[in-house]
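Hi there,

Here is the structure I promised to pass on. Have a look at it first, and then read my notes below.

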Amino acid sequence: MRGSELVAKTVKATQAALTRARERRVALDAERDAQDQRIEQAAAEVFMLLGDRSEAEAKVTTANAGIRQALRRVLDEGIGVDAAAKLVDLEAVEVRRLTKPSAGEAPIGVEVVSPPRAANDGGSAVAAAG
């Protein structure tokens with residue numbers, strides 16, 4: 001009977017070890033699930049805040065365009081950058097930045113003149129050729 005007792009003891013120890021391993025795995029799974037949930041919540045918050053930031057950046061861009069136009073009107077009246085900056089409580093460098101022409105815009109005080117159109121544009125030449 002000695003062999004059967006050893007087998008029974010081994011089976012019982014194995015079952016106890018499996019039970020302990022299963023309990024530990026369940027606990028680890030719960031921790032991993034909680035971690036996954038925290039990560040997902042943080043990522044979702046980032047996505048929402050990125051949307052908020054995009055909206056805010058659009059508002060800033062719109063506001064800066066309005067500020068640029070208003071400051072240009074002040075400067076067009078002959079007020080210097082330093083005086084305009086004091087008038088609106090900004091630094092002169094900020095007034096310069098805000099009134100700096102963007103790509104394709106003429107500097108303040110420079111009138112943009114369109115190039116003259118050719119008397120014979122491409123449409124009539126094609127019609128004459130056809």
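What percentage of the 130 residues of the protein count as buried? The answer is 8%, where buried means under 20% relative accessible area, exposed over 50% and partly exposed in between, with a 1.4 Å probe and protein chains only.

Before the details, two notes on the source. This is a predicted model, so local features need pLDDT of at least 70 and side-chain atom pairs count only at pLDDT 80 or more, while totals for chains, interfaces and linings use all residues. Residues are numbered from 1 along each chain as its sequence is written, and side-chain values use heavy atoms, with hydrogens and water left out.

The overall pattern along the sequence is α-α-α-α, with 4 helices and 0 strands; helices (H or I, at least four residues) and strands (E, at least two) are DSSP runs numbered from the N terminus.

Helix H1 covers residues 2-76. Its 75 residues should span 111 Å at 1.5 Å a residue, and the end C-alpha atoms are 108 Å apart, which agrees; the expected span is 1.5 Å times one less than the number of residues. Just after H1, Gly78 has a positive phi of about 95 degrees.

The buried residues of H1 are Leu71, Arg72 and Leu75, and they pack against helix H2 (81-88) and helix H3 (92-99). On the H2 side, Leu71, Val74 and Leu75 of H1 meet Val81, Ala84, Leu87 and Val88, a contact being heavy atoms within 4.5 Å. The axes of H1 and H2 come within 10 Å and cross at roughly 130 degrees; axes are lines fitted to C-alpha atoms, for helices over the stretch in contact, with angles from 0 to 180 degrees between N-to-C directions. That makes H1 oblique to H2, since angles under 35 degrees count as roughly parallel, over 145 as roughly antiparallel, 65 to 115 as roughly perpendicular and the rest as oblique.

Leu71 also belongs to the largest nonpolar core, together with Ala85, Ala92, Val95 and Leu98. H3 gives the largest share of this core, 3 residues. Such a core is a set of buried Ala, Val, Leu, Ile, Met, Phe, Trp, Tyr and Cys residues joined through side-chain atoms within 4.5 Å. Leaving aside residues up to four places away in sequence, Ala92 touches Val81, Asp82 and Ala85.

Finally, Ala70 in H1 is partly exposed, because its relative accessibility is 29%. Its C-alpha lies 9.3 Å from that of Thr99, 29 residues away in sequence.

Best wishes
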